Amino acid sequence: MSRVGKSIINIPGGVSVDVSKGNFVTVKGSKGTLSKQMDADMKISVEDGVLTVDRPTDQKRHREVHGLTRALINNMVNGVSSGFSKTLELIGVGYRVANTGNLLEMTIGFAHPVYFVLPEEVKVTTKMEKGENPTIILESFDKQLLGQICAKIRAYRKPEPYKGKGIKFQGEILRRKAGKTASKK
């Protein structure tokens with residue numbers, strides 16, 4: 001049995017989980033509301049503030065979807081109760097970042113600034129402090145959307161392996177290459 005799939009989900013206070021016909025799961029909390037269609041074969045039950053996901057058989061497909069279904073519902077419950085946050089760092093000479101509402105303006109080595117409009121579900125704050133790299137802090141209750149937005153922002157200038165310049169996640173470890181060495185004999 002799946003170790004992830006068989007573990008229970010404790011539903012915190014202030015969060016309501018509704019499972020409709022065909023396993024359409026709706027989770028409401030203080031941060032927002034998330035809905036997702038889960039696999040129709042999985043048995044999702046909510047009793048006394050505890051959510052469990054069971055699979056009908058031991059078929060390969062059921063084993064594959066069991067842990068995934070539980071993880072998706074757990075991320076929905078955690079998102080609407082506490083939310084998720086990711087921090088991106090801009091590393092490079094002259095790299096700058098600013099935001100006006102949900103419009104993100106980045107100066108990342110191109111001839112023109114890059115503008116990125118964020119969806120309403122994502123809140124952004126930027127930091128530009130002397131002596132530190134500019135940072136972008138993104139917060140949302142939808143983990144999937146947050147990861148997708150971070151990937152799109154990072155795709156503008158991925159970190160390169162020689163000097164490490166680019167947009168990277170805070171705490172991310174980059175593999176660095178040595179580069180050329182001039183040798184005279």
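This is a predicted model: local features need pLDDT of at least 70, side-chain atom pairs count only at pLDDT 80 or more; totals for chains, interfaces and linings use all residues.
Local features need pLDDT of at least 70, and side-chain atom pairs count only at pLDDT 80 or more, while totals for chains, interfaces and linings use all residues. Residues are numbered from 1 along each chain as its sequence is written, and side-chain values use heavy atoms, without hydrogens and water.

Three strands form an open sheet in the order 1-6-5, with antiparallel pairing. Strands are DSSP runs of E, at least two residues, and helices are runs of H or I, at least four, numbered from the N terminus. Pairing requires at least two DSSP bridges. Strand 1 (9–10) and strand 5 (43–47) are the edges, each pairing on one side only. Five bridges join strand 5 to strand 6 (residues 50–54). In this pair, I44 stands opposite V53 of strand 6.

Helix 2 (residues 60–81) packs on the sheet and touches strand 1, strand 5 and strand 6. Contact means heavy atoms within 4.5 Å. Helix 2 has 22 residues and reaches 33 Å from its first C-alpha to its last. Its buried residues (under 20% relative accessible area, 1.4 Å probe, protein chains only) include V65, I73 and V77. G83 follows helix 2 and has a positive phi, near 85 degrees.

Strand 4 (33–37), helix 2 and helix 3 (143–155) each supply at least two residues to the lining of the largest pocket. Among the lining residues are L34, L72, M76 and F141. M76 is also one of the buried residues of helix 2.

Terms used
Axes are lines fitted to C-alpha atoms, for helices over the stretch in contact, and angles run from 0 to 180 degrees between N-to-C directions. The expected span of a helix is 1.5 Å times one less than its number of residues. Buried means under 20% relative accessible area, exposed over 50%, partly exposed in between (1.4 Å probe, protein chains only). On a 1 Å grid over the protein atoms alone, a cavity is a set of points where a 1.4 Å probe fits but cannot get out, and a pocket is an open set with protein on both sides within 12 Å along at least five of seven lines; lining residues have an atom within 4 Å of a point.
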